[in-house]
Amino acid sequence: MERKAKIGFDGVLIVGIVFAILGPILIAVGISVFLAVPGEGNIIFLSVYGSMGLIFLAIGLAFLVIKIRRKQQCNRLLQSGSYIMAEIAETKINYNVRINGKSPYVVECQYWDMAGNVHIFKSRCLYFNPEPLFKDRMVRVYVEGDNYKNYYVDIDEDRKSTRLNSSHITI
């Protein structure tokens, strides 16, 4: 079974969806008023609403493309199978993000390479406390060769193995 990376629901995706929906709505309002109302004022209305709609649509699509490319990159990293084991430094709450009044958790982990450099990796936003699910303090981080800037912290692999291990019932 092919595994897929989980990117999460964040501000970039929300803004992309909202702007991608509002853009065509503004364009449609501008066109419908232009066609329905006779006079010179409707051209100004069309140009204002049409240009704002195009700007909103372009911003929304740009944010969605960024999110889709990030997901494709993470899937490519996950499928390549090249990973390092990083030590979990801390699990903290990301107070910069709030969805439905709740801030997500972020797992921060670190890895020392052969040269002694420390690389810090952050997981995607998690809307549950993952701390009790870790068997040990290590997590897989999929990387692109020696380029540690492109990475995917695989929190789900540890959750899956913990869930499988905890499902055994002894009688």
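Colleague: Before that, what kind of model is it, and how are residues numbered?

Modeller: This is a predicted model, in which local features need pLDDT of at least 70 and side-chain atom pairs count only at pLDDT 80 or more, whereas totals for chains, interfaces and linings use all residues. Residues are numbered from 1 along each chain as its sequence is written, and side-chain values use heavy atoms, with hydrogens and water left out.

Colleague: In what order do the strands of the sheet come?

Modeller: The order is β3-β2-β1-β4-β5, in an open sheet of five strands with antiparallel pairing. Strands (E, at least two residues) and helices (H or I, at least four) are DSSP runs, numbered from the N terminus. Two strands pair if DSSP finds at least two bridges between them.

Colleague: Which strands stand at the edges?

Modeller: Those are β3 (118-122) and β5 (147-154); each has a single partner strand, so one side of each lacks a neighbour in the sheet. From one strand to the next, the twist averages 40°.

Colleague: How many bridges join β1 and β2?

Modeller: Strand β1 (residues 83-93) and strand β2 (residues 105-112) pair over six bridges, in the antiparallel sense. Ile93, for instance, has Tyr105 in β2 as its bridge partner.

Colleague: Where does helix α2 pack?

Modeller: Helix α2 (residues 41-80) packs on the sheet and touches β4 (138-144) and β5. Contact means heavy atoms within 4.5 Å. The direction of α2 makes about 85° with that of β5; axes are lines fitted to C-alpha atoms, for helices over the stretch in contact, and angles run from 0 to 180 degrees between N-to-C directions.

Colleague: Which residues of α2 are buried?

Modeller: Among them are Gly50, Phe56, Lys67, Gln73 and Leu77. Buried means under 20% relative accessible area, exposed over 50% and partly exposed in between, with a 1.4 Å probe and protein chains only. The cover over the buried residues of α2 includes α1 (11-36), β4 and β5.

Colleague: Why does Gln73 count as buried?

Modeller: Its relative accessibility is 14%. Gln73 is also 9.1 Å from Ala5, C-alpha to C-alpha, although the two are 68 residues apart in sequence.

Colleague: Let us change topic. What makes up the largest nonpolar core?

Modeller: That core has 16 residues, and those with the most contacts inside it include Ile84, Phe121 and Ile155. A nonpolar core is a set of buried Ala, Val, Leu, Ile, Met, Phe, Trp, Tyr and Cys residues joined through side-chain atoms within 4.5 Å. Two or more residues come from each of β1, β2, β4 and β5. A second, separate core has seven residues, including Ala5, Leu77, Leu78 and Tyr142.

Colleague: Finally, how many aromatic pairs are there?

Modeller: A search of the whole structure finds six. Rings of Phe, Tyr and Trp (its six-membered ring) pair if their centres lie within 6.5 Å; planes under 30 degrees apart count as stacked, over 60 as edge-to-face and the rest as tilted. Phe45 and Tyr49 are stacked, because their ring centres are 4.3 Å apart and their planes are at 25°.

Colleague: Why is the pair of Tyr83 and Tyr142 tilted?

Modeller: Their ring planes are at 55°, with the centres 5.5 Å apart. Tyr83 lies in β1 and Tyr142 in β4, so the pair ties together parts that are 59 residues apart in sequence. Tyr142 is buried at 4% relative accessible area, whereas Tyr83 is partly exposed at 35%.
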